[in-house]
Amino acid sequence: MPELAYLNGKIMPIAEAMVPAEDRGYNFGDAVYEYVASYNGKLFCLEPHLDRLERSMGELAFVPLPRDMVRDAILDLFAKALIPRAGIYLQISRGVAPRDHAYPPAGTPLQFFMTIRPVREKPPELREKGASAITVTDLRWGRCDIKTVQLLPNCMAKQQALEAGVFDAIFVSAEGVVREGTSSNLFIAKNGHLITHPLTPQILPGITRQVVMDICRDEGITVEERYYDRSELASADEAFLTGTVTEVLALARIDGRPVGSGAVGPLGKRIYRCLLDRIKDLSSAP
Ligand code: PMP
């Protein structure tokens, strides 16, 4: 079960994967990424991740990479690593060129890098008891819908959360609109239905968010996609984060106050069970 890297067509130990210092991802954050996880030897939601990758690259006017080539590279790395519960990190930069804000000349090859490692699971206790979070001002740029590697505000907010002794931070705009977590989307529950931020340039269109929306449609749970503020967040019956590794993670406390009863709520629990069922169906498929 080796941890491996892929760099522009070659597979190697991660420590041997070297990118030139003038890579635009390194100089400008001019790179996009994805993170795909597997369960029991099967990749979960690979095609939606490829859709989002293509969209991110398109929004930044990257030369498109053939989808089949990207998929084959992912599947080849996955097959070689033989890690049943793997996380594949994939990063594509606009390539290597002398430092200049303007895009490099046409024909500059993109840099395509991946790593594969076992997923670091969330502690079971966090899932049983729910996590705590703080709210922070959203300092990010105006295109959070593009999955770029420019994550410094996310890193700063996560660090602020850890220093406050909690699991994560929730971004709230300067005008008071609740956005999402540092690496997850956020849903709140009120009177038996859910509310989540709509898909706008201010949040990432999470793959797990979409899976949760699909689950809710199948289960007859209403989801309102609309803006909500700190006071609605504070008076929610439940709140939960969604993400590829986060899955569905209940928030028990926000800014030091309990969310609802302060325990993992019934809607979050039910939706998480449905997500695990979908994962089980995938793992048992041929
Ligand atoms: N929002 C942000 C800011 C994220 O970084 C992530 C994870 N990449 C998500 C939401 C959740 O996305 P996904 O469900 O595709 O992992």
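1. Fold. The protein has eight helices and 15 strands; these are DSSP runs numbered from the N terminus, with helices H or I of at least four residues and strands E of at least two. Its radius of gyration is 19 Å, close to the 19 Å of the globule rule for 286 residues, so the protein is as compact as a globular protein of that length. The radius is taken over C-alpha atoms, and the rule is 2.2 Å times the number of residues to the power 0.38.

2. Basis. This is a predicted model, where local features need pLDDT of at least 70, side-chain atom pairs need 80 or more, and totals for chains, interfaces and linings use all residues. Residues are numbered from 1 along each chain as its sequence is written, and side-chain values use heavy atoms, without hydrogens and water.

3. Ligand shell. The ligand is surrounded by 17 residues, the closest being R52, K147, E180, T208 and T244. A residue counts as near if one of its heavy atoms lies within 4 Å. β9 (178-181), α6 (207-219) and β13 (238-243) each supply at least two shell residues.

4. Polar contacts (pairs of N or O atoms within 3.5 Å). An N or O atom in the K147 side chain is 2.3 Å from a ligand nitrogen. E180 places a polar side-chain atom 2.7 Å from a ligand nitrogen. For T244, a polar side-chain atom is 2.6 Å from a ligand oxygen.

5. Cover. Of the 390 Å² of accessible area that the ligand has on its own, the protein covers 93% (Shrake-Rupley method, 1.4 Å probe).

Note on methods:
A polar contact is a pair of N or O atoms within 3.5 Å; within protein, one must be able to donate a hydrogen and the other to accept it, and residues adjacent in sequence count only if both atoms are side-chain atoms.
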